[in-house]
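Hi,

Here is the structure I promised to pass on. Have a look at it first, and then read on for what turned up.

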Amino acid sequence: MEQLNVLLIGSGGREHALAWAISRSALLKKLYIAPGNPGTAQLGENVMLDVDDFDEVLTFAEDNHIDLVVIGPEQPLVDGITDYLEDYGINVFGPSKAAAMLEGSKSFAKSIMQKSTIPTAGYEVFDRHEISKLEAYLQEQAVYPVVLKADGLAAGKGVFICDNYHEANEYLDRIMNDVNLSAAASVIVVEEFMTGEEVSVFAFADGNTARYLMHAQDHKRIGDGDTGLNTGGMGAYAPAPVLDDEGVEFVMNTIVNPMIDAMSSEETPYKGVLYCGLMMTTEGPKVVEFNCRFGDPECQVMMPALKSDLLELMLMTVNGKLEYAAIDVEPGYFCSVVMASTGYPNEYEKGFEITGLDAVAGKNEVFFSGVKADENGRLLTNGGRVLNVIGHGDSLKEAIEDAYSGVQKISFENAYFRNDIGVKGLRYFSK
Ligand SMILES: Nc1ncnc2c1ncn2[C@@H]1O[C@H](COP(=O)(O)OP(=O)(O)O)[C@@H](O)[C@H]1O
Ligand SMILES: [Mg+2]
């Protein structure tokens with residue numbers, strides 16, 4: 001088979017994990033990562049592109065004979081990078097702008113789900129300009145708790161769970177007055193509150209066919225026992241036993257396949273990886289949201305777990321060949337613990353040297369998030385989430401122990417991590 005030049009866009013732990021998996025592909029000729037991080041620099045060539053400037057990306061892709069561009073984060077997808085590059089004949093792994101609306105507009109995702117009777121929370125949609133109607137709704141009709149959501153991309157800061165009208169009003173004020181939310185909150189979605197355990201299901205889709213990849217559970221809160229502030233994610237494990245094989249089949253039949261069919265009949269076929277954020281309610285799995293890319297930190301456990309060639313699967317996705325794909329996964333369990341900077345998700349200090357990586361080499365995979373190299377090649381902390389330590393085991397318990405044995409060997413000043421990543425899953429085995 002012909003070998004490919006690949007350009008991967010992004011710089012976080014997710015992209016380090018994607019670069020790791022792509023670099024192992026038999027189909028790879030050369031991997032470039034823009035902008036990448038010191039971890040991806042070990043696996044390919046980092047290139048300093050302004051990835052918001054699609055023309056710059058295009059020029060690089062043409063000059064370097066790139067056969068496939070892989071998009072890590074959601075923003076460029078929602079901004080239409082796929083359409084832009086495809087217009088010039090460049091293959092892109094990641095949905096079109098219209099299909100990325102599944103993540104880019106929560107009200108759009110809700111309306112498609114409603115049309116296709118895909119299980120999700122009941123909802124109402126309000127325009128920013130009819131705020132008094134929304135206030136009246138919150139006062140007279142809403143059943144509390146209620147969930148307020150800014151419609152557009154808000155980097156995880158646009159969702160508020162409100163216990164009563166007073167709180168709803170307070171959050172509404174915040175949504176309306178926060179300059180960072182004004183674009184995302186041109187429309188506000190009010191959702192029924194669901195209870196249950198959350199799980200993320202990932203599938204590849206080529207426009208017509210969807211193939212289940214894996215499912216994982218994230219840990220959003222900063223503190224042990226799911227306490228404290230929301231973060232980008234403090235760790236993940238896969239597979240999460242909250243969803244068994246039968247559950248996966250049910251999710252594919254009632255959520256993923258109907259959504260791929262709906263997108264294709266809307267003439268916005270979905271190509272890429274579909275991330276279904278689900279709530280396991282007493283009435284069965286319901287959709288919390290869709291994302292149009294891999295999850296971070298879920299990607300960091302899924303890539304080491306994937307036995308199949310990632311690049312081959314990405315090509316089959318782009319070329320509409322997924323019906324011929326078989327996805328193989330390593331047996332056992334995978335766990336990823338995020339080592340962060342104390343203070344995150346608020347203020348934190350950075351620039352501290354990271355040591356102990358040699359001690360885990362060959363034992364644990366480590367994927368970098370906020371890490372930079374100084375001029376002497378020393379690795380320094382450079383973000384809230386610093387790095388991800390991966391463990392593997394025949395049982396979930398062993399995978400967790402393996403990840404934490406790696407964490408114990410790595411150190412930097414002001415390091416913080418949760419002590420209970422994966423623990424929620426253990427109770428399924430103690431019955
Ligand atoms: N309808 C709902 N009922 C209960 N919790 C919800 C609901 N919608 C969202 N949440 C909680 O809020 C979190 C963030 O919501 P989500 O829709 O995933 O937005 P985003 O990831 O874009 O911030 C979810 O992971 C979930 O914990
Ligand atoms: Mg979410």
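One term before anything else: a residue is called buried if 20 or more other C-beta atoms lie within 10 Å of its own, exposed if 12 or fewer, and partly exposed in between. Please also keep in mind that this is a predicted model.

With that in hand, take helix α6, residues 106-115. Its buried residues are Lys106, Phe108, Ala109, Lys110, Ile112 and Met113. What lies over them? The cover includes the helices α5 (97-104) and α9 (245-265), along with the strands β6 (123-127), β7, β9 and β16.

Serine 107 also sits in α6, but with 19 other C-beta atoms within 10 Å it is partly exposed. Setting aside neighbours within four places in sequence, serine 107 touches Val125, Asp151, Val187 and Val189. Aspartate 151 is 44 residues away from serine 107 along the chain, yet their C-alpha atoms are separated by 6.1 Å.

Just after α6 comes threonine 117, with a positive phi of about 45 degrees. Threonine 117 belongs to the loop between α6 and β6, and it counts as exposed because it has 10 C-beta neighbours inside 10 Å. Histidine 65 is another non-glycine residue with a positive phi, about 50 degrees in this case. You'll find histidine 65 in the loop between α2 (54-63) and β4 (68-71); it is exposed, with 10 other C-beta atoms within 10 Å.

Now the ligand. Which residues come nearest to ligand 1? Of the 15 around it, they are Ala121, Val159, Glu191, Met194 and Glu289. Four strands, β7 (146-150), β8 (159-162), β9 (187-192) and β16 (284-291), each give at least two residues to the shell. By type, the shell around ligand 1 splits into seven nonpolar, three polar and five charged residues. Among these strands, β7, β9 and β16 turned up above as part of the cover over α6.

Stepping back to the whole chain, there are 14 helices and 22 strands. The radius of gyration is 21 Å, close to the 22 Å that the globule rule gives for 431 residues, so the chain is as compact as a globular protein of that length. Its C-alpha atoms fill a box of roughly 60 × 45 × 45 Å along the principal axes, and 48% of the 431 residues are buried. Of the contacts between residues at least 6 apart in sequence, 68% join residues at least 24 apart.

One helix pair is worth a look on screen. The axes of α1 (residues 13-23) and α10 (residues 298-305) come within 8 Å and cross at roughly 10 degrees, so α1 is roughly parallel to α10. On the α1 side the contact uses Gly13, Arg14, Ala17, Leu18, Trp20 and Ala21, and on the α10 side Cys299, Gln300 and Met303. Those residues divide into six nonpolar, two polar and one charged.

Lastly, some loops. A cis peptide bond joins alanine 238 and proline 239, with omega about -10 degrees, and proline 239 lies in the loop between β14 (235-238) and α9. The bond from tyrosine 344 to proline 345 is cis too, with omega near 10 degrees; proline 345 is in the loop between β17 and α12. Glycine 351 lies in that loop between β17 (333-341) and α12 (357-360) as well, and is in contact with Leu380 and Thr381, leaving aside neighbours within four places in sequence.

Cheers

Notes: Residues numbered from 1 in each chain as written. Chains lettered and ligands numbered in written order. Predicted model: local features only at pLDDT ≥ 70, side-chain atom pairs only at ≥ 80, totals over all residues. Rg over C-alpha atoms; globule rule 2.2 N^0.38 Å. Contact = placed C-beta atoms within 7 Å. Axes fitted to C-alpha atoms, helices over the stretch in contact; angles between N-to-C directions. Parallel < 35°, antiparallel > 145°, perpendicular 65-115°, else oblique. Nonpolar A, V, L, I, M, F, W, Y, C, P; charged D, E, K, R; others polar. Near = placed C-beta within 6 Å.
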